[in-house]
Amino acid sequence: MRLVHLLRAVTVELDLHGAEFAARNGLHPTDLRALIHLLDADRAGTDVTPGRLGAALRLNSAGTTALLDRLERLGLVSRKRDEDDRRRVMLTVEQKAVELGRSFFGPLIANLVDAAEDFTPAELDIVQRYLTAARRAADFLPGSGPGIAELNAG
């Protein structure tokens with residue numbers, strides 16, 4: 001249980017940083033979750049449509065549209081027609097969002113990278129295995145619908 005409590009404490013601390021970032025930049029916490037989801041999908045080479053984003057964030061169609069309208073107005077996300085299938089709309093995080101996130105979260109990320117240097121590669125592999133298992137456990141809570149990891153995988 002020590003690991004569970006520590007993971008919860010880290011999650012709460014990171015959530016507080018996320019809330020501060022959102023508040024400073026006129027974003028709703030769901031806006032930040034959407035940006036993170038889009039950045040993660042981009043890093044994984046996964047295309048994201050409004051429907052996929054809405055499912056990942058557990059938003060209905062109207063909520064997803066309102067969220068995307070807000071992010072697009074702020075210049076953080078763009079919607080573009082898929083070149084192969086003009087019926088599909090693809091979402092892209094704009095460079096402005098990347099730079100905004102880097103300016104706020106850059107020092108935190110640097111601290112986390114520095115902290116990892118105190119561990120051997122084998123220890124980091126174990127930490128990664130645990131965090132991956134923890135994420136899977138969180139994604140598949142009963143009654144919560146598909147998790148972000150599941151949606152990113154498909």
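**Note on the predicted model**

1. Ser78 is buried, at a relative accessible area of 11%. The cut-off for buried is under 20%, so this residue qualifies. The model is predicted, and the values here are computed from it.

2. Ser78 sits in strand 1, which covers residues 77–81. Its side chain makes a polar contact with the side chain of Glu94, at 2.6 Å. Glu94 is also among the residues that Ser78 touches beyond four places in sequence.

3. Now the core. The largest nonpolar core holds 21 residues. Within this core, Leu53 and Leu71 touch the most other members. At least two residues each come from helix 1 (2–24), helix 2 (29–44), helix 3 (50–57), helix 4 (61–73), strand 2 (89–93) and helix 5 (95–116). Helix 2 gives the largest share, five residues.

4. Setting aside neighbours within four places in sequence, Leu53 contacts Ala34, His37, Leu38, Val48, Leu67, Leu68 and Leu91.

5. Arg136 lies in helix 6, residues 121–139. Arg136 is partly exposed, with a relative accessible area of 47%.

6. How far apart are the C-alpha atoms of Arg136 and Leu16? They are separated by 22 Å. Along the chain, these two residues are 120 residues apart.

Conventions
Residues numbered from 1 in each chain as written. Predicted model: local features only at pLDDT ≥ 70, side-chain atom pairs only at ≥ 80, totals over all residues. Heavy atoms only, no water. Helix = DSSP H or I, 4+ residues; strand = E, 2+ residues; numbered from the N terminus. Buried < 20%, exposed > 50% of the residue type's maximum accessible area, 1.4 Å probe, protein only. Polar contact = N/O pair within 3.5 Å; in protein donor to acceptor, adjacent residues only side chain to side chain. Contact = heavy atoms within 4.5 Å. Core = buried A, V, L, I, M, F, W, Y, C linked by side-chain atoms within 4.5 Å.
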